[in-house]
Amino acid sequence: MEDPETPARGEKAPRIEPYSWYALGVLVIVYILNFIDRQLLTILAVDLKRDLGISDSEFGFLYGTAFGVFYALFGIPLGKLADRWTRTRLLAIGLAVWSAMTALSGLSRNFTQLGLARIGVGVGEASAGPSAYSLLSDYFPPRRRATAIAIYSAGIYLGGGVSLFIGSSIANAWNSGFAPGAHPFGLAGWQVAFLAVGLPGLLLAGWVNSLREPARGRYDPPTHRRAPPEGSPFKAFLADLGTIVPPFTLIAAARRGGGALTANIAAAAIIAALAAGITAVLGDPVQWIALGVGSYAIFSWAASLRVQDPAAFAAIWKSPSVLGVTIGYGLISFVSYANSAFGPLYAIRTFHASTDEVAIMVGGLAAAGGAAGVIAGGAMADRLSRGHDNARRVLVVIGGLAAGLLPYAVMLTTDSKAVFYAMVFPTWFLLSAALGGASGTIVNIVPPQVRATATAAFLLGATMLGLALGPYAAGRLSTDFGSLKVGLVGVLAVVPIAFAALFIAWRALNRQHQGEG
């Protein structure tokens, strides 16, 4: 297969415009705010858990499942909308929504209200990944896409780290500034922290809306380009919602015929029975109801996609490389999201560290390690792949996971606070390098016309497998065994499955590359 970036004799490779780097900088700021809003919960855990009377498993649900399931589900129709509509405008609207819902989190008075606000944050943030990945794929040529997306992804770790410092600083300053019971409007420090980080996002949304929309597939071969579907993008968006949001999924299935409706009802019954069975054994019905709804919605979406967009269905669901990378990285996220949710609380409980100290040491080191690692992973994947050998990109993912297990194990078995802090940087550097390789692989192995949809599916794996299950699993193990260490070590049980999925992806891409050679 011809490399679309290989210039003819006497020609130069495509030049990266300065505006592309400017746009990347804006998108990084957006992603930093994205993860400030998402991660703020963790450093406020002690006060929040006390005021709302919630357990570790309920906290895991709030951090992971309540946010993650709806983030994953709405990422699919929003990803398809990004393939049809102005991506910069969609991202700006999403930013305004999740910022407003973050601010509303600060007005929560009980577990249910905070859970609903977290759902709203998840819906708004679902626009970010598909829109940004698709934009960056048109701002940058293939040889630099993994690097650009890795730089963008550094916002995960910068935002996550900064959120700990901002959250602890605001909450502690507010709590110490007023006598007990004299807080203005009856707001606790953790509530003010949510308000303070949510409202600025409404202003940033206007800046994002001013970004220039690049031509789709500008760096891809003409044979890979396809005009966006005709018709109203919002009519199609509502139709996409109907394929994934119960109970409208039944109507959409009925329109495809009696067989489709029967299959949809059967899938709903099977998933409901499984959720009921797990609930009977483990309890926590809200966790398994949410996961059940999410699983049923994914089935409905896949069944609809198979009929409505066979090309996108084939590019995602029939590709062992896409599925392998998505599942493999999703299980890496299972481990990393569990650590994100409970790492700060583990340091506070185990080493009796203050929230300010944890914010600086854990937040700062994790932010530095994660940001450096994801950029290094993306750059290494680009260099090793030489622009078109995507199997080598997967090796970066496998290597990052394998190497990251050692410092992670040391971090959770040491009795020394100094050693614990020393292991934070290498753990996050290596695990985040896997993201740099995985995200760059996805955008390079699917056609440009389905890139945002494929990105949504990739993020769905990271969210449903990682965010919706990892924090809950760690919190549940902690609740059952009375040890957060058991919870954070126990999540490593998924690592062998991650290696197996990534090996399948590597083998498929390696065979494809050898066939093209």
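The accessible surface of the protein amounts to about 19,700 Å², and carbon and sulfur atoms account for 68% of this area. These values, like those that follow, were computed from a predicted model. Of the 517 residues, 56% count as buried.

With regard to secondary structure, the protein contains 22 helices and zero strands. The C-alpha trace extends over about 70 × 55 × 45 Å along its principal axes. The radius of gyration is 22 Å, which agrees with the value near 24 Å for a compact globule, because that is the radius such a globule of 517 residues would have. Contacts between residues at least 6 apart in sequence were examined as well, and 83% of them join residues that are at least 24 apart.

The largest nonpolar core comprises 148 residues, and the members that touch the most other members are L48, Y152, Y329, F420, F458 and L488. Helix α15, which covers residues 320–351, supplies the largest share of this core, namely 16 residues.

The surroundings of one of these core members, L48, can be described in detail. When neighbours within four places in sequence are left aside, L48 is in contact with L41, G53, I54, F59 and L114, as well as with W190 and F194.

Technical notes. Residues numbered from 1 in each chain as written. Predicted model: local features only at pLDDT ≥ 70, side-chain atom pairs only at ≥ 80, totals over all residues. Heavy atoms only, no water. Helix = DSSP H or I, 4+ residues; strand = E, 2+ residues; numbered from the N terminus. Rg over C-alpha atoms; globule rule 2.2 N^0.38 Å. Buried < 20%, exposed > 50% of the residue type's maximum accessible area, 1.4 Å probe, protein only. Contact = heavy atoms within 4.5 Å. Areas by Shrake-Rupley, 256 points an atom, 1.4 Å probe, with all protein chains shown as cover. Core = buried A, V, L, I, M, F, W, Y, C linked by side-chain atoms within 4.5 Å.
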